[in-house]
Amino acid sequence: MNDKIDIIIPWVNGADPEWIKEREDCILKYGAEEKSLSNIRFQSWDNLHYWFRAIEKFMPWVNKIVFVTWGHVPEFLNTDHPRIRIVKHKDYIPKQYLPTFNSNTIEMNYHRIEELSENFIIFNDDFFPLKAVDETYYFKNNMVCDEAVEGHITPVEAGAISNMARYVQVNNMIIINKHFKKREVQEQNWDKWYCNDYGELLERTKSLNYWYDFAGFRDPHLPSAMKKSVLAHLWEVEGVTLDIASRNHFRAYTDVSQYLIRYWQLCSGEFYPRRTLGKFYQVDIENYKDVARDIEEQKHQMISINENCSTEDFVIIKKRINEAFETILYEKSEFEK
């Protein structure tokens, strides 16, 4: 049996004029790396209501949804619903880190949210369950369920946002290798690290067996189970590093990310092994029809959708993708007005 399990989801309305002004003022005051200023993350799919419908339909066991926002709230949302908690940045992020437009700062301070339960699942608004998901996929006996699959960080120029993310991966791994010895970690929990349930992914870990330090981990771009106490502990043992990172008002090369929480849980051995189910889509004008069909056929348990297209193509893609969601999520949820 598990204690209560919350979902936490950050959301931003990139069209809010007050938010835009504060962001522009912040850029003038503090400056920002050019690579962190891409506006693609703020294009709206206008399908958040489908997300709430999907959670209600496919994950009804969730205790509450902690909705993290700069200050704006979707017009359709029933904020009086007993299972919704609206949490603004200023409600939990220390003043010295505000205003922030850095998702890493927003996520790496989640432990400060009093309303958030010890057991929680971290979502983005582009993660959608398409089939029923049992709570034991994320937690068993109050222990997270996850996959301990190694990977490596590729030091190549990879585009604005993803290139900066590689630096963040390195920062995460420096902390992990500072506190954990790879061979000791794996020997103590051999069955979890070399679990046959990982299938062909197990070959990744085997191929890195020679190295004494962790080179990286496989990072599924999908929801992850996390413990609030683990994040709080990270602040206890790496407070200086996390403080420096949280002072970055925009994404920066000194950031650390919420994946560090996953890594710490894995290296501590406090997890049940299972393979991550779901699929990440980089949607463009060439594949959007296939993606829409996969949604309609509910091909995967969970999906993540990121756009990779021009503004003109995005209009076409968004229309078709949302039509697909409508075919399986046409019933209004109790989270809507």
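These legends walk you through several close-up views of one predicted model.

The model is predicted, so local features are described only where pLDDT is at least 70, side-chain atom pairs count only at pLDDT 80 or more, and totals for chains, interfaces and linings use all residues. Residues are numbered from 1 along each chain as its sequence is written, and side-chain values use heavy atoms, with hydrogens and water left out.

View 1. Strands and helices are DSSP runs numbered from the N terminus (strands: E, at least two residues; helices: H or I, at least four), and two strands count as paired if DSSP finds at least two bridges between them. Strand 7 (residues 143-146) pairs with strand 9 in the parallel sense over three bridges. To find this pairing, look for C145, which stands opposite Y272 in strand 9. As background, strands of a sheet pair through backbone hydrogen bonds, either parallel or antiparallel.

**View 2. The hairpin of strand 6 and strand 7.** These two strands pair in the antiparallel sense over two bridges. K140 has M143 in strand 7 as its bridge partner. Two residues lie between the strands of this hairpin, and N141 in the turn has a positive phi of about 50 degrees. N142, in the loop between strand 6 and strand 7, has a phi near 65 degrees, a positive value in a residue other than glycine. At 21% relative accessibility, N142 counts as partly exposed. The cut-offs are simple: buried means under 20% relative accessible area, exposed means over 50%, and partly exposed is in between (1.4 Å probe, protein chains only).

**View 3. A salt bridge between D6 and K64.** The closest N and O atoms of D6 and K64 are 2.9 Å apart. A salt bridge here is a side-chain nitrogen of Lys or Arg within 4 Å of a carboxyl oxygen of Asp or Glu, and by this rule the count comes to 18.

**View 4. E118 meets K227.** The side chains of E118 and K227 form a salt bridge at 3.8 Å, N to O. This pair, too, links distant parts of the chain, 109 residues apart: E118 sits in the loop between helix 4 (103-107) and strand 4 (119-122), and K227 in strand 8 (residues 224-227). E118 is partly exposed at 31% relative accessibility, whereas K227 is buried at 15%.

View 5. D290 and R293 form a salt bridge, with their closest N and O atoms 2.9 Å apart. The two residues are three apart in helix 12 (residues 288-296), so about one helical turn separates them. D290 is partly exposed at 37% relative accessible area, and R293 is partly exposed at 39%. Beyond this helix, in the loop between helix 12 and strand 11 (302-307), you will find Q298. Its phi is near 50 degrees, a positive value in a residue other than glycine.

**View 6. Helix 12 beside helix 13.** Helix 12 and helix 13 (residues 311-328) pack at an angle of about 10 degrees, with their axes 8 Å apart. That makes the two helices roughly parallel, a term for angles under 35 degrees. Axes are lines fitted to C-alpha atoms over the stretch in contact, and angles run from 0 to 180 degrees between N-to-C directions.

**View 7. A cis peptide bond.** The bond from L98 to P99 is cis, with omega near -5 degrees. P99 lies in the loop between helix 3 (89-92) and helix 4. In general, most peptide bonds are trans.

Technical notes. Angles under 35 degrees count as roughly parallel, over 145 as roughly antiparallel, 65 to 115 as roughly perpendicular and the rest as oblique.
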